[in-house]
Structure formats: structure tokens, C-alpha cells
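This report is meant for a reader who is meeting the structure for the first time. It follows the strands and their neighbours, and then turns to a part of the surface.

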2 protein chains.
Amino acid sequence: MATMLGVVVTDANMAPSALQKALAGVAAETFNCVTVDGDTSTNDSLALLASGLAGNARISGGSGPAFETFREALFAVCDSLARQIAADGEGATHTVSVYVGGTRNDDDAKKLARAIAESPLVKTAIAGRDPNWGRILAAAGRAGVVFDPDEAALTLCGHEVFKDGQPTEFDRNIVAAALKARDVSVVLLAGDGPGRARFYTCDLTHGYIAINAEYHT
Amino acid sequence: MATMLGVVVTDANMAPSALQKALAGVAAETFNCVTVDGDTSTNDSLALLASGLAGNARISGGSGPAFETFREALFAVCDSLARQIAADGEGATHTVSVYVGGTRNDDDAKKLARAIAESPLVKTAIAGRDPNWGRILAAAGRAGVVFDPDEAALTLCGHEVFKDGQPTEFDRNIVAAALKARDVSVVLLAGDGPGRARFYTCDLTHGYIAINAEYHT
């Protein structure tokens, strides 16, 4: 989370325990996979309120088709809101989606995605539209998980820039032009394991400094 | 470390194992307690070379008065160099020393010091000369260690700004004036435990963005 008070409301008729299970699972993949600068707020919170007025057969368990339908809808709402937090980061000129796959497990993928998404050097490179694969791989290398560049492939805005331990012969001008898009994707495949994760972040620009150095409490 | 190749040379007559022990201990408290932006380089390295030409009685063990004398001299050199790395961070206008004490152990203190020293919100507050105790305590609160604000005292450039769970009645103008100094100290006492640590960092300014967003490899 990144300084947020989130309240999601629904008219579903659903037991509190089922609501809590859905919310915890969805929050882990959405609001807890957002970073603007790595800092958090003491008031970061997310609440889910259900009135029960929809009149559906009460969803009391944490599984089954009705629960899954609700969970998917909740995910769609929270995913959109989480992405908007990154997009609205102080001074953001790019919204960045970092996808990591191929790790031993989801937890390793999350650590890699977070290290990349939080790296000031990666975020300034994106602000400068620089296809700087070295900064991204360096961030991955210090994430605290097993990471072998010889097994890794890196794609920026759909252009593969690194594979099997070396940069590809990509056209720097074409990739730099692709990085002009408001929405930038960074996809790192780290091997052939089943783990995967996604983080949303934004680039780091003069706007961030202006807002946070000049704002006094 | 923060993108560095460090080479320390000495003419001491000393066994490789004793040199290694001294270097590892000193590096842990100096070069490994520096952060500019949290990023590291794949070539970060520190080497210690000894010619043995001093003609002293060979220091073969990793303890004793001669070893300690050498270790203290090595610490002085590495501490100065580590501090210069922080001072020379991209766009730095302040060199910041973060001291943490009173934790259960040194490791907890190091985690608190690192969280504060790496926080972009803390670093922009210092750039803006804002005695923003809230950002510092919020960073401490997410460091992943036991931290109770009610037990904490925070001092900025010698001025106590927070104690026993609340801000002191400090004079904002006086503290803001003190923060004009090139060298800024942040001292957080987190309790009455024996743990302590120190991190060097710098503030985060427009200069960092200019250098890292505009430099392309």
C-alpha cells in the first residue's frame, strides 16, 4: 500500500468470514503489490463492507462458484484501484507494470518484482525512456532470491532486450520510442519454475522531488 | 556499498587470514552501512593489500593489541571512505548520519537505520530542511523489527523533536535552520536495549533525477 484508505462496498449477501478470506487474498495480489517509493503510511487500510441487500443465496463458505465469482469481481475492482495508486504517484509520467515469472515459487517472484519496482535507478531510467536492462537485472540480482542471468529473459514494452545472459541486438531507438507510452511493461522470465508475481509502480521524476521536498507538515 | 571499487593498501606485515578478518568486520560497519538509493552495483568490491614492508612483528592472529591497533586504523580509513560515498551521492546537498540505539540487538538497529536511510520520503524531507519526525518514525515502523513509538526518542541535528510517543514542543524554525548544515544527524533511541548501528546516506534532490534519468548507457 502507499498511503491509502480503501473502502470497497458491495450489496452481496455474504458471511463475514467469507468476505475476509476474499479480501485478504485479493489485497495480497493488488494493494500489497503496489509501490510508489517503498514508503508506507501508518494509516494504510482496506475495508470491505457488505450490506446483503442483493438478495442472493448467502455465500457462507470460502470456496465454490458463488465465492469465486465474487472474488473475481472484487479482484477486478481492487486491481483497478491499485493500478490507479501507482499511476497517481507523485510526479509519475509512466505507470509501470512489472511481471516476473519462472521462479521457484510466487514468493521469490514477488521479491524480484518488488526489487525492480522499488529501484530508484530503474524508475529514473524509465522516466528517461532508457531501455537500461542492466539496471533491471542488477535490481533482480540483489533481491535476495536465487537469480541466474543466464536463465533470464527480459522484455520491455513487448521488445525482448536481454536473453540467456546477454543483451539481444535490439534497436535502441525503437525501444526508446516504445517507452514513450504512458503504460510501460517490464517482463522478467527468470527460469522455468511455476512462480509468478506482478507489481505496479511509477517512474521517478523531478515531480516527486518537488512535491516531497517542498511539502512541509 | 553503492557502486564502488575499493582498494586499501598497507605496509603492515600481517597474515592473510588476519587481514581478512579485520576487513570483513570493518566492511560490515562501514561500506555495508552506506546507502545512496538502495541500489547496488554488480561490481561492488573491496580489497585489502598488504606488502609486509613495515617490518613489524608479523600479526598472525585475529586478536590481541597489534591486531586491534591495525583494525582501528583500517576502520578509520574505511569509515572516512564510506562517508565520502554518501556525501558524493548523485545530487546530494546533505550528508546524513543515521544513528540507532537501544534496540534488542545490533541487527535490529541496522534494520531500523537502513529503513530510515533508504526512505525517499525521509531523504526528500531533509533536502527540504523539514524536521519531519513523522516520516522518520513511519520508516522505522515498517523496518520489520519490534518498534514502539512510545519508547522512542528522536533527535535531529541535536534537537530532540519526538519523545515518549509524541512530538516535543520544538521550535520548527530553529530545527529547520539547523538542517541547513551540510552534515545532518538523525539519532533514534528505540528503547533501552544494547543494540546500535549507524548508516550514512544523503538527501534526495532534483540532482539525483537529472543525473539518473538523463544518463543513458
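In this predicted model, strand β4 of chain A, which covers residues 153-156, is joined to β7(A) by four bridges, and the two strands run antiparallel. Within this pairing, Thr155(A) has Val187(A) of β7(A) standing opposite. Helix α2 of chain A, made of residues 65-87, packs on the sheet and touches β3, β7 and β8 of chain A, while its direction makes an angle of about 45° with that of β8(A).

The sheet itself is an open one of six strands in chain A, arranged in the order β6-β5-β4-β7-β3-β8, with mixed pairing. Its edge strands are β6 (166-167) and β8 of chain A, each of which pairs on one side only.

Strand β3 of chain A, residues 95-103, is mostly covered, since eight of its nine residues are buried. Towards β7(A), which spans residues 183-189, β3(A) runs parallel and is joined by seven bridges, and in that pairing Val98(A) has Val186(A) as its bridge partner. Towards β8(A), residues 195-202, β3(A) pairs in the antiparallel sense over eight bridges, and there Gly101(A) stands opposite Arg196(A).

| Strand pair | Bridges | Sense |
|---|---|---|
| β4(A) and β7(A) | four bridges | antiparallel |
| β3(A) and β7(A) | seven bridges | parallel |
| β3(A) and β8(A) | eight bridges | antiparallel |

Six strands of chain B form an open sheet in the order β6-β5-β4-β7-β3-β8, and the pairing is mixed. The edge strands of this sheet are β6 (166-167) and β8 (195-202) of chain B, each pairing on one side only. Seven bridges connect β3(B), residues 95-103, with β7(B), residues 183-189, and these two strands run parallel; Val98(B) stands opposite Val186(B) in β7(B). Helix α3 of chain B, residues 106-118, packs on the sheet and touches β3, β7 and β8 of chain B, and its direction makes about 20° with that of β8(B).

On the surface, Val7(A), Val9(A) and Leu49(A) form a nonpolar patch, and together they have about 300 Å² of accessible area. Leu49(A) belongs to strand β2 of chain A, which covers residues 45-50.

Notes
Residues numbered from 1 in each chain as written. Chains lettered and ligands numbered in written order. Predicted model: local features only at pLDDT ≥ 70, side-chain atom pairs only at ≥ 80, totals over all residues. Heavy atoms only, no water. Buried < 20%, exposed > 50% of the residue type's maximum accessible area, 1.4 Å probe, protein only. Pairing = 2+ DSSP bridges. Patch = residues over 30% accessible without salt bridge, like charges linked within 9 Å, V, L, I, M, F, W, Y side chains within 5 Å. Areas by Shrake-Rupley, 256 points an atom, 1.4 Å probe, with all protein chains shown as cover. Salt bridge = Lys/Arg side-chain N within 4 Å of Asp/Glu carboxyl O. Contact = heavy atoms within 4.5 Å. Axes fitted to C-alpha atoms, helices over the stretch in contact; angles between N-to-C directions.
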